[in-house]
Amino acid sequence: MQSPLPVRDGVNATRLRLPDEGPWDTAMDYMMHRWGHIDPQGIEDRFDAGEIVGEGGVPLDRSTKLEDHTFIWYYRTLPPETRLPVEINILHQDEHILVVDKPHFLPTTPGGTYIQESALVRLRNQLDLPDLIPMHRLDRMTAGILLLSTNPETRGRYQVLFEKRQVQKEYECVSAAAPAAGYPAVEFPTVVRNRMTKSRSYLLAEVVDGEPNAETRIEQVRTFDAGTHQRALYRLEPHTGKTHQLRVHMASLGLGIVNDAFYPDLLDKAPDDYGKPLQLLARGIRFVDPISKQPVEYRSGLELSEARP
């Protein structure tokens, strides 16, 4: 459902579904029930100023009945954010798409404590493109190629490519040159297939029994000395797009990615260490452009800090 409120400061208005019934007479009563303990005066002020709207952009006031609207929209009060010390590099822009190199530590879309400090909001504000939408996502800790749609009229033609898996993605990572103790040796290239699901642990994914729903081809590109041990650069080609898929698949081989705080072991949460980014990079993306009908490929200009020549 399209929001009747435009993007403001790079951020979409928030949509809230009102309950069909309950002990609340008005929409404001319900919002007070949800968030009145945080900012009751702010909620009242927004209703008085007509900043909370229903279907068709109709402003609500304190007396608007609960049953008058199913959905309402409003702008959140954005908390102050410290700018992350990372920058986005623009690789390609035309009337349909934008291709950028997303840095480590910057989330793709707003969420949690990162709103203004997300790639999407930064780019909307920087380029004055309120209709900008990412076609896929990269984890906050993963860097590399990110494709975004700049044109709502042609967006669906690019979305279909991702839905039908007609986009080929290539990643690189740095890990140990051989599996950790207790894991079998691996002959490369290899293909990892298993079933992944969201774990009961916060933000983690795990492998479970069942029909495979995740697949990654893994190739060892080269090995190199790293102090007293050997590491290797790997090329990863995911054929599916499960959350944390590459990190889980590498860890399942006993080859956890360097600086991964989640896999194979969940480390205690600590402040971001910008000198130790996760050694995972979205190197390239390939597809047949649905507008030009020509094959295109975009390659990241970034390098993994631990990938020695």
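Tutor: Two strands pair if DSSP finds at least two bridges between them. The model is predicted, so local features need pLDDT of at least 70 and side-chain atom pairs pLDDT 80 or more, whereas totals for chains, interfaces and linings use all residues. Residues are numbered from 1 along each chain as its sequence is written, and side-chain values use heavy atoms, without hydrogens and water.

Student: What makes strands E1 and E2 a pair?

Tutor: E1 (residues 14-17) and E2 are joined by 4 bridges and run antiparallel. The requirement is at least two bridges, so E1 and E2 pair. Across from Phe71 in E2 stands Arg17.

Student: Which way do the residues of strand E2 point, and are they buried or exposed?

Tutor: In E2 (residues 71-74), Phe71 and Trp73 point to one side, Ile72 and Tyr74 to the other, and all are buried. Buried means under 20% relative accessible area, exposed over 50%, and partly exposed in between (1.4 Å probe, protein chains only). Of the 309 residues in the chain, 44% are buried.

Student: Why is Arg247 called buried?

Tutor: Its relative accessibility is 5%, which is under 20%, and therefore Arg247 counts as buried. Arg247 is located in helix H5. Setting aside residues up to four places away in sequence, Arg247 touches Asp139, Ile257, Asp260, Phe262, Tyr263, Leu278 and Leu280; contact means heavy atoms within 4.5 Å.

Student: How many helices and strands are there in the chain?

Tutor: The chain has 5 helices and 13 strands. Both are DSSP runs numbered from the N terminus: helices are H or I with at least four residues, strands E with at least two.

Student: What makes a set of residues a nonpolar core?

Tutor: The residues must be buried Ala, Val, Leu, Ile, Met, Phe, Trp, Tyr or Cys, joined through side-chain atoms within 4.5 Å. The largest such core has 30 residues, and those with the most contacts inside it are Leu148, Tyr234, Leu236, Met250 and Leu280. Among the elements that give two or more residues to this core are helix H3 (119-127), strand E7 (168-176), strand E11 (229-238), helix H5 (245-252) and strand E12 (280-288). A second, separate core of 14 residues includes Met28, Met31, Ile43 and Tyr74.

Student: Which residues is Leu280 in contact with, leaving aside its neighbours within four places in sequence?

Tutor: Its contacts include His104, Tyr171, Cys173, Leu236, Arg247 and Leu304. For the chain, among contacts with a separation of 6 or more, 60% involve residues 24 or more positions apart.
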